[in-house]
Amino acid sequence: MRLFTKTLVLIVILFAVIAVTISLLSAQILSTSLTAEYESKGRAIAEGIADSSTEILLNRNLATVQAVIDLQGEIDGVSYIFVTDGAGNMLAHNFIPEIPAQVLPLARISSEGKIVEGISMTRVEIPGRGTILHVHAPVLAGLVGAVHVGMDLEYIENHIWDIVVREQILMFAIFLAVVGIAYVFVNRIVQPISRLAAFVRALATHEFASELDISREIRSLSQKHTGEIRELADSFIAMETTLQQYLRDLEETTSAKQRIESELSIAHEIQMSMIPKIFPPFPDRREFDLHAKLISAREVGGDFYDFYFIDERHLCFAIGDVSGKGVPASLFMALTKTLFRATGGETSRTASGILGHLNREISRDNDSCMFVTAFCGVLDTVTGDIEYCNAGHNQPMVIRDGKLSMLPKSGDVALGVVESAEYGSHRLKLAPGDQLILYTDGITEAMDGQEQFFSESRLESALRELKGHTSRIVVRGVLESVREFTADTPQSDDMTILVIQYRGPDAPAVPTLAVRLKNRKTELQRFNDLMREFGIEHEIPEETIFRVNLSMDEILTNVLRYGYQDEEDHEISVVASWDREWMTIEVHDDGTPFNPLEVASPDTSEALEERKIGGLGIHIVRTMMDEVSYRRELDSNVLTLKTEPREG
Amino acid sequence: MEITTHESGDVKIVRLDGMIDGVTVATVEKELMQLLGDGANKMVLNFENLSYINSIGLRVILVVAKQIKRSDGELRICSLTDPVREVFDITGFSSILTVVQTEDEALNDF
């Protein structure tokens, strides 16, 4: 209930109690005073008649008595008058039509009730006339007779009631007037408070883009009122203003932050889109094994790497690091990388020539004074000879005949510093099995919690431990060592590593198992056996063969079950290859289009009762294999699986 | 695929030797259903010499486990080989079924 209604109800109850009490009291007082007046009036009438009729009574002139009685009987409140003789016999009366039986005994009563100066008064009930005050005035001490006057008390009661009712009406009228005034008054107090409440409610859902309509009202409240209401209104207005300001500030900081974040992510995208990321990059070239990885820092540096064939025989490769960070660095990196691509083969076929050209191009309009450190090499895939040039970049490491060493410094300046700089050409010969390791300072200068660098010496020991492994394993191993060393310390600069292992012109081809299976259940067993033999022959770990066989079991079972709607013979072709690290399998079937990767994985945490039967096969494949991809090619589903041996 | 059954008290111990794949799964299912049909509701599956199980095989194990559970019985599986354990782990079967190290452990207060 609202404050106002509550107050009103309380006032009504209080008023009713007061009104009734006052009425009762005044009725009581009125009744007492009226009765007293009545008594004296009755007595006066009775005495008057008695005094004036002594003579008449003595002379027995009854007609005169009757006339007096009739006259006096007209007085208000007089019910009846009668006169008796000394023996109590009725001499005259004004009863019409006859004397009620109850009156007769009264004629004889002389000394009952209240007696004042010889006159007695009693209350009697007379049917048809109600409560009567009976006044008995003896004439000459009752010797001659007595005068009896009956005063109608009901007349008094009616009179009192009449007064009480009028009183009540008057009081109610006054009450209404008071309530009306109170309403106006209370409204003046409550109205602003409820407007303030409405304002707070509106504020809670307001977005502060525009001003609230109610704000103006609150402002005018503050002007119209004084005291608490003004204080409240003022502080509410202040609150709204503060909130608006706060939200505006918040919005500004947020958008500024978002802008920076998006710039950083643009820089990251520029950087990552420029570098080749698919390995092996030239699957049909057995002469070398190349792998590289760039991990950009949150703030993004300007690292890059790239490689391409100048001709059938010569592979050109490079790694670089642009000075600075963020968008400028990544844009400069994009420029450098693009120039590198355009220069090799077209303008120059040597590393020193390429970097020399790059330097002139970069230096020409280099207003921002940015520079790039870079290492470039050209590998002769037939002989293993590398012609290289180092423009101020970290000295690469080389593992030759199982021994780790660092390439000597060449003293050439970074690209973009001196336009006329000459870049020297150096030579290095790799024998089959030798590895060349290029990296940026993000690796050697990666810091741990104590601000210590990972350093060349830690890189060397990491490389020593990775001796004999393929380029991919070396890249991964080095990055793992760095991550172990830095632990939770945030990466502050890009980290890039590129490893080339020369295998020689006669490197063996990758072992391949190609099988054509018929759409029969028994073919699963045949493939299983062939794969196991393939594994033994090429020393593939048993657990890898197990995972491949289980995955192929699930895939082929699916194809046999759902792939074919007819009863015809179909052929499923499976080609598996093993490059000493990865097992890659491609499955072609001409069944109905089906992408197993779209099948939702079952909830493997569900309890036994809820566990559904089905969906498990695909889940097993996705978990057992490291990579699963699907494509629809002409009339075939092509599923490619890749996995590498797992430890333990 | 070789399936041998023996009893220890009222517990049926079933040894599954070999591989449960698309071909052998029918035999395994028939054999286990036969045992359930005969009223067995305490069962130990010994996987000591089981080198392989695929999703069809898992389906049969799940059906058996659900049926035994429904008849207030219990199924325990023991002596998993590494490859089978891996399959059990990645499919969540290790956590929804009672899997123990040895047959003795499986029979302990059955």
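The model is predicted, so local features need pLDDT of at least 70 and side-chain atom pairs count only at pLDDT 80 or more, while totals for chains, interfaces and linings use all residues. Residues are numbered from 1 along each chain as its sequence is written, chains are lettered from A and ligands numbered from 1 in the order in which they are written, and side-chain values use heavy atoms, with hydrogens and water left out.

**View 1. Chain A as a whole.** Chain A has 14 helices and 21 strands; helices (H or I, at least four residues) and strands (E, at least two) are DSSP runs, numbered from the N terminus. Of its 648 residues, 46% are buried. Here buried means under 20% relative accessible area, exposed means over 50%, and partly exposed is in between (1.4 Å probe, protein chains only). Take the contacts in chain A with a separation of 6 or more: 66% of them are between residues 24 or more positions apart. A contact means heavy atoms within 4.5 Å.

**View 2. Where chain A meets chain B.** The interface has one salt bridge, that is, a side-chain nitrogen of Lys or Arg within 4 Å of a carboxyl oxygen of Asp or Glu. B:Glu86 pairs with A:Arg646 there, and their closest N and O atoms are 4.0 Å apart.

**View 3. The largest cavity.** The whole structure holds three cavities of 30 Å³ or more, and the largest has about 80 Å³ of space. On a 1 Å grid over the protein atoms alone, a cavity is a set of points where a 1.4 Å probe fits but cannot get out, whereas a pocket is an open set with protein on both sides within 12 Å along at least five of seven lines; lining residues have an atom within 4 Å of a point. Grid points are joined across faces, edges and corners, and a volume is the space filled by probe spheres set on the points. Both chains turn up in the lining of the largest cavity: look for A:Phe527, A:Met552, B:Val23 and B:Tyr52 among them. In chain A, α12 (522–537) and α13 (542–563) each give at least two residues to this lining. By type, the lining splits into six nonpolar, four polar and two charged residues. Ala, Val, Leu, Ile, Met, Phe, Trp, Tyr, Cys and Pro count as nonpolar, Asp, Glu, Lys and Arg as charged, and the others, Gly among them, as polar.

**View 4. The largest pocket.** This one has a volume of about 1300 Å³. Its lining has 47 residues, and the closest to the centre are A:Phe279, A:Pro280, A:Asp579, A:Glu581 and A:Trp582. The elements of chain A that give two or more residues are β7 (288–295), α11 (471–486), β18 (571–578), β19 (583–589) and β21 (636–643). β7(A) has the largest share, at eight residues. The pocket lining comes to 24 nonpolar, seven polar and 16 charged residues.

View 5. Over all chains, the structure has 27 salt bridges. One of them joins A:Arg285 and A:Glu312 at 3.9 Å, N to O. A:Arg285 sits in the loop between α6 (227–274) and β7, and A:Glu312 in the loop between β8 (302–309) and β9 (314–322), so this pair ties together parts 27 residues apart in sequence. A:Arg285 is buried at 15% relative accessibility, but A:Glu312 is exposed at 65%. A:Arg313 bridges to A:Asp380, with closest N and O atoms 2.7 Å apart. A:Arg313 is in the β8–β9 loop and A:Asp380 in strand β10 (residues 372–380), so here the linked parts are 67 residues apart in sequence. A:Arg313 is partly exposed at 35%, and A:Asp380 is buried at 9%.

**View 6. A strand-to-strand bridge in chain A.** The side chains of A:Asp385 and A:Lys429 meet in a salt bridge at 3.8 Å, N to O. A:Asp385 belongs to strand β11 (residues 385–391) and A:Lys429 to strand β14 (residues 426–429), 44 residues apart. Both ends are partly exposed, A:Asp385 at 28% and A:Lys429 at 46%.
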